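Biologist: Could we go through this structure feature by feature, with the general idea before each case?

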Amino acid sequence: MLRTGEPRHQQISTWLREQIDSGMLSPDDQLPSEAELGRQFGVSRITVRRALHTLESEGLIYRKQGLGSFVHSRPLRQGLVFLSDFVEDMAAAGLKAASRTLNLETVLAPAVVSDALGIQAGKSVVCLERLRLGDGQPVAFDRTWLPILYGHLLEDHDLGERTIYAILEDEFDIPVLSGRYRIESVNAKPDIAEILEVPRGRALLLVERLSRTVGDKPVYYQRRYYRSDLVAYELELQREHGGDSPTPVRDLAPIIKKRTK
């Protein structure tokens, strides 16, 4: 039933979406259970949950705790911002993404990291530092902290060619389902300025990201420093009719600028 080359969770969500669109599943109909879908498609429950999360995000289904998933009476009119990784962002800009691992070690978690990951202050975490490239030029510098459980899973994997998302999801069936972003402007400190090949004190875009998996468990806390001469963020909003409803975010994405010579 699964098509070769397509991620399993996408195959399940596509099949369920077709059942809904064709009328085979009507509003408020209950979907097959996670166990039934797992047996039908020969996949784990985590993979099934990821497919259901996709449909829930699209407003096609809703869940009742202890009862299962049901078809929405109508799609939710709410814009969505989807998590993306660096490779996907570069691909959208027509650039070839690459990464250069600068450091990977076990360290004691700084206070801001322990707070973000929900772990005891001073507890050991894995810290990964990478230079991110677009068509061979420095675009961003990442410093990522992971709980030991997830950090050790990255060992023996090529972090220059693969993203954390891809390794955790494809190799260990640990989906990254949600996250929180915070964007601010900071001045480049000497070490980061040297890595990104910009003058000291140059304005950078700092994107702090906390990514989570099933059960809202933090997977990693990351600080990404973007070159402000190469990257900007563009926000698209949609105003609901009547003016009383919240204004949903339809898209928030990094825009890669043309490099000036």
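**Reading helices, strands and turns**

Biologist: In helix α7 (residues 164-172), which residues are buried?

Modeller: In helix α7, the buried residues are Ile164, Tyr165, Ile167, Leu168 and Glu169, where buried means under 20% relative accessible area, exposed over 50%, and partly exposed in between, with a 1.4 Å probe and protein chains only. Helices (H or I, at least four residues) and strands (E, at least two) are DSSP runs, numbered from the N terminus. This is a predicted model, in which local features need pLDDT of at least 70 and side-chain atom pairs count only at pLDDT 80 or more, while totals for chains, interfaces and linings use all residues. Residues are numbered from 1 along each chain as its sequence is written, and side-chain values use heavy atoms, with hydrogens and water left out. Following α7 comes Asp173, whose phi is positive, near 55°.

Biologist: How should I read helix α1, and which of its residues are buried?

Modeller: In an α-helix there are 3.6 residues a turn, so residues three or four places apart point the same way. Helix α1 covers residues 8-21, which makes 14 residues, and its span from the first C-alpha to the last is 20 Å, close to the 20 Å expected at 1.5 Å a residue (the expected span being 1.5 Å times one less than the number of residues). Its buried residues are His9, Gln11, Ile12, Ser13, Thr14, Leu16, Gln19 and Ile20. Just after α1, Gly23 has a positive phi of about 90°.

Biologist: What is the order of the strands in the open sheet?

Modeller: Strands of a sheet pair through backbone hydrogen bonds, either parallel or antiparallel. Here an open sheet of 6 strands runs in the order β3-β4-β5-β8-β7-β6, with antiparallel pairing, and two strands pair if DSSP finds at least two bridges between them. β3 (97-108) and β6 stand at the edges with a single partner strand each, so one side of each has no neighbour in the sheet.

Biologist: How many bridges join β7 to β8, and how many join β6 to β7?

Modeller: Between β7 and β8, which run antiparallel, there are 9 bridges, and Val207 stands opposite Arg224 in β8. Between β6 and β7, also antiparallel, there are 10 bridges; Gly179 has Ser211 in β7 as its bridge partner, and Arg182 has Glu208 in β7 as its partner. Strand β7 (residues 203-212) is mostly covered, since 9 of its 10 residues are buried. In the hairpin of β7 and β8, with 5 residues between the strands, Gly215 takes a positive phi near 75°.

Biologist: How do β1 and β2 pair, and what lies in their turn?

Modeller: Strand β1 (residues 61-64) and strand β2 (residues 68-71) pair in the antiparallel sense over 4 bridges, with Arg63 opposite Ser69 in β2. The hairpin they form has 3 residues between the strands, and Gly66 in the turn has a positive phi of about 85°.

Biologist: Where is Asp135 placed, and is Glu197 buried or exposed?

Modeller: Asp135 lies in the loop between β4 (124-134) and β5 (137-147), and although Asp135 is not a glycine, its phi is positive, about 55°. Glu197, in the loop between α8 and β7, is not a glycine either, yet has a positive phi of about 60°. Glu197 counts as exposed because its relative accessibility is 53%.
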